Amino acid sequence: MLDLNHGSGCQYQKPDRDPGITVAVNAAIDAALVVRNRSQVARQYVSTSGIGRECLRQIQYDYLAVPKDEGRDFEPKTLRIFEAGHRGEDVVAAWLRAAGFDLRTERRDGRQFGFSALNGRFKGHIDGCLVGGPVAMAYPALWENKALGVSSWKDVVKRGVVLSKPVYAAQLALYQAYMDLPAPTLFTALNRDTWEIHCELVPFDAALAQTMSDRAVQVVRASDAQELLPRASAERTSVICRGGKTAGGWHGACSWQDRCWGRCR
């Protein structure tokens, strides 16, 4: 019979561990994530999630589903972050409903609510719509959630989403305009490390929505005319190209640097 007292050593002795198991399991998961990502059909429309980026050419490459540079596909780490964001959205939605909010996140057929313009070449899908709840605010209201790392989350808390994340602000304004939801958006930011939620009401910015909508038209028309839109920077070493932080927010490294600056100008 097993002795469960401390003298047996069975519970307190440090177990032998195979240091390679972590590497092996994570490698298998990463490989599966990469395969799944590559199997997804590329979007054939300008997306609200990226229309606020500074570089019009980058948006155009994305819209045209131009192949990314060799080795510039999303890293497994990024794919894991995307997955965490989707899971976090489900968790926050469940918490809101448990708190008494009437939150609608999908149609009866299971599809997300969204809009389509320019003959389907400009689209967006919202996280949800709040039609009632226990908190005094205007209803119905757009609900958008982002799951952020601690540093990014703290910056949003400090400065607000409009200043901290202009790309998100553009997305919110477009949703409010095209979904006819002019009441302030309830924006929630989930801290991926602590699972704290930051909430703020974001007023509708009609001018921003118009500017972003005009950008979508510009991308589509230029692409139809086989016109390559200008870069947002004069040098490849720019933060907008190589990735990093500017006054306009954080930029991921552009996936088309070689094409943009190399032989395929």
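Strand β1 runs parallel to strand β4 (residues 122-125) and is joined to β4 by two bridges. The model is a predicted one, in which local features need pLDDT of at least 70, side-chain atom pairs count only at pLDDT 80 or more, and totals for chains, interfaces and linings use all residues. Residues are numbered from 1 along each chain as its sequence is written, and side-chain values use heavy atoms, without hydrogens and water.

Strands (E, at least two residues) and helices (H or I, at least four) are DSSP runs numbered from the N terminus; two strands pair if DSSP finds at least two bridges between them. The open sheet has three strands in the order β1-β4-β3, with mixed pairing. Because β1 (46-47) and β3 (114-117) stand at the edges with a single partner strand each, one side of each has no neighbour in the sheet. S47 stands opposite K123 in β4.

Two helix arrangements are tabulated, with axes fitted to C-alpha atoms (for helices over the stretch in contact, heavy atoms within 4.5 Å) and angles from 0 to 180 degrees between N-to-C directions.

| Elements | Angle |
|---|---|
| α6 (residues 166-178) and β4 | about 95° |
| α2 (residues 56-63) and α7 (residues 206-224) | roughly 65° |

Helix α6 lies across β3 and β4. The axes of α2 and α7 come within 10 Å. Their contact involves L56, I59, Q60 and Y63 of α2, and R215, Q218, V219, V220, A222 and S223 of α7.
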